Amino acid sequence: LFPAAVVFHDRYFVNKNNGFCVSHACGCLCTVCAGQWGLDTANKDPAAKSQGEEKKDLRSIELFFHDSMWGALDKFHIRMFVFGLFGILSIVGISLAATDVKLTTRSVTETFLVESNILQQTLNLMLGTNKAFKAGDSDMKRGGYVFFGIDAKKPIDRKGTDPIAEDAMKQKGKVNYVSDDLTSPDTQLRVIEACDKVADLASVAKNPFSRPVANQSEVWCFMKDFKTYRENQNPPLPFPVPESDLVRELARWKDDETYTGPGSYWNPMRTGVSQQGDQANDALYDLFTAWIPEDDGVRMKAMYISGNLSTALTEQDLDIIRPENAQWEDAGEELNQKYPSVQIMGVTERAEWIAIMDALVAGVVTGIPASLAIALAVLTIATANWMVACLATLSIVGVMASFFITFSLANWVLGMYECMFLQLTVGMAVDYIVHLAHAYNEAGGATRSQKMREALTEMGVSVLSGAISTLGASIFLFIAQFNVFFLYGSFIFFVIAWSLIWALVFFPALMIQVGPQGNSGDMVWLRNLKAKLTGAPPENNAAQVMPAKA
């Protein structure tokens, strides 16, 4: 909004005052500008000066833009070289953005401080993410789950959720249970079938020390253990059990502490299925596989089984975990299609990270084009000339494409911070180009070259000064230890640097070559509408001078 405010102030406060200070197009208060430049705001018109007098009043940096910069870009062969060079930059940048930009494999916790910081290295060591000490403990693995009785298409109802509520359930939403018959004998057998299917998945970890058979799949299945328990009773108990007895028989199995044979849930001999490793209770077992009874104690809301994943606990590379998650989703969908009467859903704990990364990418993919569209709209309103707005937006696209070259060379990856900052870069890339676009649009030259020369002379110093101050301020963020500030400073520095180059080299060359002349592209109705809204008299576009006929 700041560039637009400058444009409106210049047009309706500076330009409106009998044209004084127009040639300086500064956007500050007209009387202040005139006083600094030694102009008589009441009686003297700076436009009345001869060309020699105006040039004499220019400072050295203004003379550089007036003569050297404009003189170089006014040559056809130099403009063609500029178009070729910047065209290559754009093609390379867009290609890198489409093929070389990678997603992060690290959580926000792992990137809280810069990697060289000793506190971040210590934190990574504690998290098990240090490259030299990758977590490999068999007790530290992520899991995959197959759920029965939960809506596979919309498992969570998030209506009315409150992210800051003290109640965790209000933060996360409610589970969408479906009214399937989960206690029937057929469903009991289907759970056993799902357990066997999960055990055959390539993504499931194998336990080399399992007994009696080594390298058994690390699958947690209460129904299979319950079946083993019943078959090893003396005399053996039937399985599956009648649907009216399932919930009661499961509770009986869980409470039986006298049985120590295969399938025991818990016993003093510590041989129960819930007493894995050093666990002396059923806490872990109930996290990995369990059933959720209805309030009537007869029916079931849901049940689930799980398996340990074979990849490392800290692995977050989407190229690895996305296929892994797809295996479980496909297994659940296959069972769902085979038994449509029971809602079955497969998913892994990595699904949350995958969803976050997909949302971030979607934000960038949609956010940058949306920001460019907004920039085009603002430029159109500010300049009231669709040709100037389109050419300026084309230059902004080039700035973004060039920035992706830096993004790739710096080996940055799309993470939480990067995706957020990328959506802000379009706004930073607009600033300098919109100043020059407005200056060109208001210039009174008869030809494109003359209009651009005037725009460079009047606005080049301001653009360069603004860029130097912004670049200088961002440098101090390079020493920040918090990664969010370091990245923010880096993004500001390189976006501003590219924006300055495109604004002072490509955009002037483009306007000299194909910029509008006279009233070309002028949206008179928009000018008059803005004049009406601001109370200024309608404009006749006097600043635009028609080129002389040959």
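Asparagine 411 is in the loop between α14 and β11 (413–414). Helices here are DSSP runs of H or I with at least four residues, strands are runs of E with at least two, and both are numbered from the N terminus. Asparagine 411 has a positive phi of about 60° although it is not a glycine. With a relative accessible area of 65%, asparagine 411 is exposed. On the terms: buried means under 20% relative accessible area, exposed means over 50%, and partly exposed is in between, with a 1.4 Å probe and protein chains only.

Before going on, the basis. This is a predicted model, where local features need pLDDT of at least 70 and side-chain atom pairs count only at pLDDT 80 or more, while totals for chains, interfaces and linings use all residues. Residues are numbered from 1 along each chain as its sequence is written, and side-chain values use heavy atoms, with hydrogens and water left out.

Another residue with this kind of backbone is alanine 384. Its phi is near 55°, a positive value in a residue other than glycine. Alanine 384 sits in the loop between α13 (351–383) and α14 (386–409). Is alanine 384 buried or exposed? At 0% relative accessibility, alanine 384 counts as buried.

Most residues other than glycine have a negative phi, and most peptide bonds are trans.

Now the chain as a whole. The chain has 18 helices and 11 strands. Of its 550 residues, 44% are buried. Contact means heavy atoms within 4.5 Å. Among contacts between residues at least 6 apart in sequence, 68% join residues at least 24 apart.

Next, the cysteines. How many disulfides does the structure hold? The structure holds one, and a disulfide is counted here as a pair of cysteine sulfur atoms within 2.5 Å. The pair is cysteine 195 and cysteine 221, with sulfur atoms 1.8 Å apart. Cysteine 195 is buried at 2% relative accessible area, and cysteine 221 is buried at 4%. As for two other cysteines, cysteine 390 is partly exposed at 37% relative accessibility, whereas cysteine 419 is buried at 1%.

Helix α8 brings us to helix packing. Helix α8 (residues 185–199) packs on helix α9 (residues 222–231) at an angle of about 115°, with the axes 8 Å apart. That makes α8 roughly perpendicular to α9. Axes are lines fitted to C-alpha atoms, for helices over the stretch in contact, and angles run from 0 to 180 degrees between N-to-C directions. Angles under 35 degrees count as roughly parallel, over 145 as roughly antiparallel, 65 to 115 as roughly perpendicular and the rest as oblique. Which residues of α8 and α9 meet? Gln188, Val191, Ile192, Cys195 and Asp196 in α8 meet Met223, Lys224 and Lys227 in α9. By class, that contact of α8 with α9 has four nonpolar, one polar and three charged residues. In this scheme Ala, Val, Leu, Ile, Met, Phe, Trp, Tyr, Cys and Pro count as nonpolar, Asp, Glu, Lys and Arg as charged, and the others, Gly among them, as polar.

The second pair is helix α4 (residues 60–73) and helix α17 (residues 483–514), whose axes come within 10 Å and cross at roughly 65°. That makes α4 roughly perpendicular to α17. Phe65, Met69, Trp70 and Leu73 in α4 meet Leu504, Val505, Pro508, Ala509 and Ile512 in α17. The residues of this contact of α4 with α17 divide into nine nonpolar, no polar and no charged.

Last, two single residues. Valine 347 is in strand β10 (residues 344–348) and is buried, at 18% relative accessibility. Valine 347 and valine 146 are 201 residues apart in sequence and 6.5 Å apart in space, C-alpha to C-alpha. Glutamate 218 is in the loop between β6 (216–217) and β7, and counts as buried at 14% relative accessibility. Leaving out residues up to four places away in sequence, glutamate 218 touches residues including Lys141, Lys206 and Ser306.
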